[in-house]
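Hi everyone, thanks for coming. Please take a look at the sequence and the structure on the screen, and then we'll walk through a few spots together.

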Amino acid sequence: MKIIRLLLLASATFVFQTAIAKPTLPLFYEINLNDRADDQFKVTLRVDGLTADNAIYQFAATAPGTYQIMDIGRYVRSFKALDAKGRELKTQHVSTNQWKFEQPEKVRTVQYSIAETWDTPVTEHKPYNMCGTSIEQDHALINGQGVFGFPSGMQAAPIEVKIDYPAEWMVGTALDRNAKGYFTAPNYDRIVDSPILLGRLTKATTKVAGADVDVYTYSKTDKIKSEQLLTNMQAMLNAAGQFLKQLPVKRYTFLYHFEDQSWGAWEHSYSSEYVIKEEEFSKKLADDMTSIAAHEFFHVVTPLNIHSEIIQQFNFETPTPSEHLWLYEGVTEWASDAMQLRGKIMDLPTYLDEQTQKIVYDKSLDTTYSLSKLGLTCYTDEGQRQYGNIYARGALVAGLLDIRLLELSKGKRGLREVINELAATYGPDKAFSEKDFFTTFTQMTYPEIADFFNRYVKAAEPLPFKEYYSKLGITYIPSISTGEKTTWLGMKPAFTDGKFYLTKLADPLVKAGLQENDEWAAFNGQPVSLESVGKIQEALKQLKPGDTYDVTVRRNGQESTVKSTMLEKEAVKQYVFEPAAQATPEQLQLREVWMQNL
């Protein structure tokens, strides 16, 4: 999952797999989208043969790749079970996400209504919109964990879904249909892994490395069409095909939703979904969408084909973190840029500027927070405050790992080649050991890689940009004085769990009454939110040193407003990468190898 670059928060990693035991009893769901009046999904489940082992109906506490608590049970508005004659059976709401059947063996029908997540207020843990659900008059968005539950012990049961919707609507999803026209999934994990976008959509198709690729787009006022997006991303898709040699899927689906808010994207094994604010179509918009899509598309490799048992046997009841988030998201973010560089879509200066931006983001957070720790704490408030760095520091570390592998192999084998080997070794149905993966990777490569992991993934030593990029004949300069002055806000806003917080406060702001990690509630009286932050940024850019503005913060449930002053500091170019004017033949040779697929 990847939230818009402004926030670098996110992306989601997602893999579906069956549980250890695979029940054959099917679950048949029906959703009535012809009734959309109250922003609730009306769901009916037909089932037979439940036992005491299936007495709990489970809604998702989280979903793979979101790395956030979702507690979907909070959105349930009605819930009842019926017997074969339509008589209501007793149920009990036993926890946030669980309902208990008193007589499971008599249950034949489960009926419930569940509110959409987009427009339903909650006090905490609001699901990211690209991971949520929405119902409007001309379209609907279904992310499976936001609509479907399952009886305990039946996570691996096959599923059929009938959706009743207006005849003029189009449906975009990676799910297959059976002869009856019902959507099918081999298990609950796959239904969660397969978002469904329905409504007034446009569609475009192409082929990439033998795989069928579909693009479906909802655009609120029809400003953006699927064909426009696909035309712009075609070169990126071709570069991805070259980078991966062969796509590990036969079909892939892009789902674009352009309406009133920008949230970002959530990747899945066979599809990805994008929630972006609608604007007039432009080359910049198309390029931004292609850049985000490059990240999401690479997830067909990891974690679909490279994942640990924690991902393979996902626990929807109790969130369980993985230490290897650096692999699922960090390596993917690196690959999204590397494949564009090697496919000649992105030139070297642009690639190096991407590294600079990632270093800036990394330095804005706690640089002592290791990638391993980030993975293991991603479901906590502490981890969420650092989460965006998996796309910054995670990608930076992956880039350094690529250089180190190329150096040790004398230019014959980089991170791309090792990733492709891992995908061939494991694949969708075979998990690597969560505990032993660092050792496995090292045994596949070189003993020196163990030291790399110990220093830069398990620990958080300063990253060796100067040393490593010099091997490519590229200089790295941490800071260059410009002799000029620039305005300075004096703080770093951070986005966590749907809220903005103020961090890294300058002394004048502390003296004015602000405290580290205050929730940022308003700017000059305007509430701060994902929807308003763009306008607030533009307003801040207009301020000059000495100009004042009001910052309203929320602390311990109380709001207070502090008058702040725009500060000034020396303008410094930071974290600069430049090709060396006097690079040696050996450096140039390794750089040439580094810039191509081997």
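Leaving aside its neighbours within four places in sequence, which residues is Ser-271 in contact with? Before I answer, please keep in mind that this is a predicted model. The contacts of Ser-271 are Ala-174, Asp-193, Pro-195, Tyr-252 and Thr-253. You'll find Ser-271 in strand 22, which covers residues 271–277. Ser-271 counts as buried, with a relative accessibility of 0%.

Now, over to the cysteines. How many disulfides does the count come to? The count is zero. As a reminder, a disulfide is a covalent bond between the sulfur atoms of two cysteines. Take Cys-131: the closest cysteine sulfur belongs to Cys-378, and because that sulfur is 13 Å away, it is too far for a bond. The cut-off for a disulfide is within 2.5 Å. Cys-378 is in no disulfide either, its nearest cysteine sulfur being that of Cys-131. Cys-131 is buried, at a relative accessible area of 1%, and Cys-378 counts as buried at 1% relative accessibility.

Last stop: helix 12, residues 448–458. Which of its residues are buried? They are Ile-449, Phe-452, Phe-453, Tyr-456 and Val-457. These residues lie on the same side of helix 12, because they cover an arc of only 105° around the axis.

Definitions and conventions: Residues are numbered from 1 along each chain as its sequence is written. This is a predicted model: local features need pLDDT of at least 70, side-chain atom pairs count only at pLDDT 80 or more; totals for chains, interfaces and linings use all residues. Side-chain values use heavy atoms; hydrogens and water are left out. Buried means under 20% relative accessible area, exposed over 50%, partly exposed in between (1.4 Å probe, protein chains only). Helices (H or I, at least four residues) and strands (E, at least two) are DSSP runs, numbered from the N terminus. Contact means heavy atoms within 4.5 Å. The arc is that of the directions from the helix axis to the C-beta atoms.
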